[in-house]
Amino acid sequence: MERLYIEGGIRLQGDVTVHGAKNSALPLLVATLLTGDTSRLTNCPPLSDVAATGSILRHLGCQVTQSADTVTVDSTTITRSDIPDRLMREMRSSILFLGAIVARCGEATLTYPGGCELGPRPIDLHLAALKRLGVQVEEDHGAIHCYVNGRLQGADITLAFPSVGATENVLLTACLAEGVTILRNAAREPEIRDLCTYLNGCGARIYEQAEGVLCIDGVSRLHGCVHEVLPDRIEAATFLAAAAVTGGAVTLHRCQPSHLAAVFPVLEEAGCSLAIGQDTVRLLAPPRLTGFGTVRTMPYPGFPTDSAAPLLAASCTARGTTVYVESIFENRYRYVDELARMGARIRVDGRVAVVDGVKSLQGASVTCTDLRGGAALVVAALGAAGRSDITALHHLDRGYAYLEQSLTGLGARILRENRD
Ligand code: EPZ
């Protein structure tokens, strides 16, 4: 079993580079399927979710190669249109293959996706939107069989909620449909814009008609292109939380500060000072943070749900109280019991968590419950007195490819051990 040992209480200092975004890389990789050509994604970190997406692409007949942070996909030949349950369960974004395979092959058979357990994660919005584009959906004992009679047809679609995944699925399906699709109440996350940029680079015609309204003018075919994955705003926020909890002075490089705009006021309220450059952020933290007030997660451009856990961990030792309200997922506080093992005082009631800051946390043996919950444990361990060991690292490996190297570069004492 792998363990991460962290010796806490060391002030983080120095420079760290932000890597490519998982939540952009995954839909981009799925989108390569539409082109029937070769695409190269740069700044695409070697995450386990990226590998899992590569496995699905290979299963479908694509040639996939990854060297360092570049992934090349040749989707010239597709040999099948089904995905087995074993591969679907690897991650949530496997559901994006539904739209892409139907658009490429006219039919697709797959099952419900896996991913972090954050409460119910239905796909009703995906299926309803795809039906509007002419996709027939039949469900049988957990299998979802989709097909199109003739060509996909553009449609006017309004999402009941600006779901990131449903927006991506519509984009993937509609760019090869006949006619124009208008998608209203679309998600506005930067990863959506990154997907549109890639697809337009491949010959698609997608533009933003207004805030949250996407217009997709269908084309008959796409071609491959080279695309650089945008920087990971959640990894960036995790580094900032780690710097803040250790009273550190850290500069992020190769990030996109505008994507972090909702996170900055929270850190400033905690007493940190920030210097924002074009693609850099420098954070200087006080020896002890103050409570952050109320942090309410919202769809972009609101405070990102994925950044709440690392920030919550940082607020465990702040002076005063911080209240978190989770508006996106029903059950995102499973990691809180692990933080309690380190001495954190947190009360959870449904979607609300109230953190009463304590003077210090103590290192402990803790287990990751999900990806961002795992990041919270790392942040807490960096700020705690003494040694922590963290298990169930497969959760962390889904979203942080260079965690140990990045934190070691900032002076942290962190070591991964494999006892097998
Ligand atoms: C994406 O998940 C991200 N995953 C998540 O990141 C992120 O937390 C989330 O967007 C919100 O920003 C990827 O990009 C791979 P949603 P997604 O569809 O697409 C409900 C991380 O830690 N909903 O916007 O699954 C749903 O249950 C992960 O990196 C429906 O009810 O998010 C949830 O409550 C975790 N029906 C809410 O909408 C649907 O058909 C938001 O989900 C679809 C969604």
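Two strands are said to pair if DSSP finds at least two bridges between them, and strands (E, at least two residues), like helices (H or I, at least four residues), are DSSP runs that are numbered from the N terminus. The model shown is predicted, and local features need pLDDT of at least 70, side-chain atom pairs count only at pLDDT 80 or more, while totals for chains, interfaces and linings use all residues. Residues are numbered from 1 along each chain as its sequence is written, and side-chain values use heavy atoms, with hydrogens and water left out.

**View 1. The hairpin of strand 11 and strand 12.** Strand 11 (residues 205-210) and strand 12 (residues 213-217) run antiparallel and are joined by five bridges. Two residues lie between the strands of this hairpin, and Gly-212, in the turn, has a positive phi of about 80°. Ala-210 stands opposite Val-213, which belongs to strand 12. In a regular strand the side chains alternate between the two faces of the sheet.

**View 2. Val-164 in helix 6.** Helix 6 covers residues 164-174, and Val-164 has its place there. Val-164 is partly exposed, because its relative accessible area is 30%, a value that falls between the cut-offs for buried (under 20%) and exposed (over 50%), found with a 1.4 Å probe and protein chains only. If residues up to four places away in sequence are not counted, Val-164 touches Ala-187, Glu-189 and Ile-192, where contact means heavy atoms within 4.5 Å. Asn-23 is 141 residues apart from Val-164 in sequence, yet the C-alpha atoms of the two are 9.6 Å apart in space.

**View 3. Helix 10, a mostly covered helix.** Helix 10 spans residues 305-315, and eleven of its eleven residues are buried. Among them are Thr-305, Asp-306 and Ser-307, as well as Pro-310, Leu-311 and Leu-312. An α-helix has 3.6 residues a turn, so residues three or four places apart point the same way.

**View 4. The chain around these details.** The chain contains 14 helices and 23 strands. Its radius of gyration is 21 Å, close to the 22 Å that the globule rule gives for 420 residues, so the chain is as compact as a globular protein of that length; this radius is taken over C-alpha atoms, and the rule is 2.2 Å times the number of residues to the power 0.38. Of the 420 residues, 58% are buried. Among contacts in the chain with a separation of 6 or more, 73% are between residues 24 or more positions apart.
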